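Me: I would like to learn how to read a few features of a protein model. Please take them one at a time.

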Amino acid sequence: MRVFVASALGIAALAGLTAAQGQGNVAAGQPAGQKQAGATAKPALDRDVLHVQVILDHLGFPPGILDGREGQSLTAALKGYQIARQLPITGKIDQRTLEALHEHRAVRPTRIVRLTPEMLAGPFIRPWPKDPQAQAKLPTMGYRSAIEKLAEMFHTTPQVLIELNSPDTRLAAGVPIQVPGVTPTGGAFEASVKPDWRKTLTDLNVGATQPKAARIVVDKSDKVLRVFGKDGKLAAQFNVTTGSAKDPLPIGSWKIRGVAPNPEFHYNPKLFWDVSDKKPDALLPPGPNSPVGVVWIDLSKEHYGIHGTPEPHQIGRSESHGCIRLANWDAARLALMVDTSTAVVFQE
């Protein structure tokens, strides 16, 4: 196992370091799994769509990954925003929705950032060990590359960063790059926010100013988590993955027992139907590529929680072992909204 620090490699080459996640091809930043011949080309990034996505992210109704493309995640985000603003619920970028978003047009679809040593700071780990026993020996379940870190920082993927820039853009301190226009909401973090958690929030561009949740509702059919304020109104919504046929979402009312930022993860094969019980336990270190991402929101249902993920591009498109998964940046944001007084409802 080798631990790497950031280097001034081309952006496409660094994207290749995330290929194990299904996010890139070394040669040209091509999405893994894309067919070489006879395949339908992926739609081009649409800056107008990206603008809508970035504004929704800013307002608390994020589509998950900001990629400038329409699809199920954006449809769900639009429906949430339309419900909150009492607009016709179409799930489309229609005229009424555009008129409502117009007042937030100062939030731009992209912005230029000049890379800093802090943005590029590792260490980065490659090759990535698949065996939990080997992962337990890592100093952190950190990022594989600088571009993976930057992608999560700006709520997107390495491939989108390649599209917004050039495959040979060098990731080095002082270099300007174009990124989705994510900006954290203002305000200072409370004194109770510990330095390591504050750094995680900063690395994910999650701001301190978030609505307080009186109740959260996870809807299995819509694959969303809705946040309601004390006034009963919808204050935020996130796309989620909600269990599987073998580990279904536990329908009912639950309580939050606590929030654990940057948690260790106890890998217990006895809790996974697809892993042999003969495999040994392992205690995995914290990090964004932990199976539970950057935060664990513990529920009164034993072994169940709401948490982040090392694979944000799979949210809403894959299955989980019963827990509720969000992109790391959305899970971190949600963690600032809830506490042990927040009611939790899981429904069909």
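Reply: Start with strand pairing. Two strands pair if DSSP finds at least two bridges between them. This is a predicted model. Here four bridges join β9 (residues 252-261) to β15 (residues 343-347).

Me: In which direction do β9 and β15 run relative to each other, parallel or antiparallel?
Reply: The two strands run antiparallel.

Me: What is the order of the strands in the open sheet?
Reply: Read it across: β7-β6-β5-β15-β9-β12-β13-β14-β8. That makes nine strands, and the pairing is mixed.

Me: Which are the edge strands?
Reply: They are β7 (234-239) and β8 (241-242). Each of these pairs on one side only.

Me: Now aromatic rings. How is a pair of aromatic rings described?
Reply: Two values do it: the distance of the centres and the angle of the planes. In this model the count comes to one aromatic pair. The ring centres of Phe61 and Tyr81 lie 6.1 Å apart, with the planes at 75°. Planes over 60 degrees apart count as edge-to-face, so this pair is edge-to-face.

Me: Where in the chain do Phe61 and Tyr81 lie?
Reply: Phe61 is in the loop between α2 (47-59) and α3 (72-84). Tyr81 is in helix α3. They are 20 residues apart, and the pair links distant parts of the chain.

Me: Is Phe61 buried or exposed?
Reply: The cut-off for buried is under 20% relative accessible area. Phe61 has 1%, so it is buried. Tyr81 is buried as well, with a relative accessible area of 1%.

Me: What about charges over rings? Which ring does the charged end of Arg144 sit over?
Reply: It sits over the ring of Trp128, 4.6 Å from the ring centre. Another case is Arg215, whose charged end sits over the ring of Phe228, 4.3 Å from its centre.

Me: Last, cavities. How many cavities of 30 Å³ or more are there?
Reply: The count comes to two.

Me: Which residues lie nearest the centre of the largest cavity?
Reply: Asp57, His155, Asn205, Val206 and Arg333 do, out of 14 lining residues. By class, the lining has four nonpolar, seven polar and three charged residues.

Me: Which helix supplies the largest share of that lining?
Reply: Helix α9 does, with three residues. Both α2 and α9 (328-337) supply at least two residues each.

Definitions and conventions: Residues numbered from 1 in each chain as written. Predicted model: local features only at pLDDT ≥ 70, side-chain atom pairs only at ≥ 80, totals over all residues. Heavy atoms only, no water. Phe/Tyr/Trp six-rings, centres within 6.5 Å; stacked < 30°, edge-to-face > 60°. Buried < 20%, exposed > 50% of the residue type's maximum accessible area, 1.4 Å probe, protein only. Lys NZ or Arg CZ within 6 Å of the ring centre and 35° of its normal. 1 Å grid on protein atoms, 1.4 Å probe; cavity = no way out; pocket = protein on both sides within 12 Å on 5 of 7 lines; lining within 4 Å. Points joined across faces, edges and corners; volume = space filled by probe spheres on them. Nonpolar A, V, L, I, M, F, W, Y, C, P; charged D, E, K, R; others polar.
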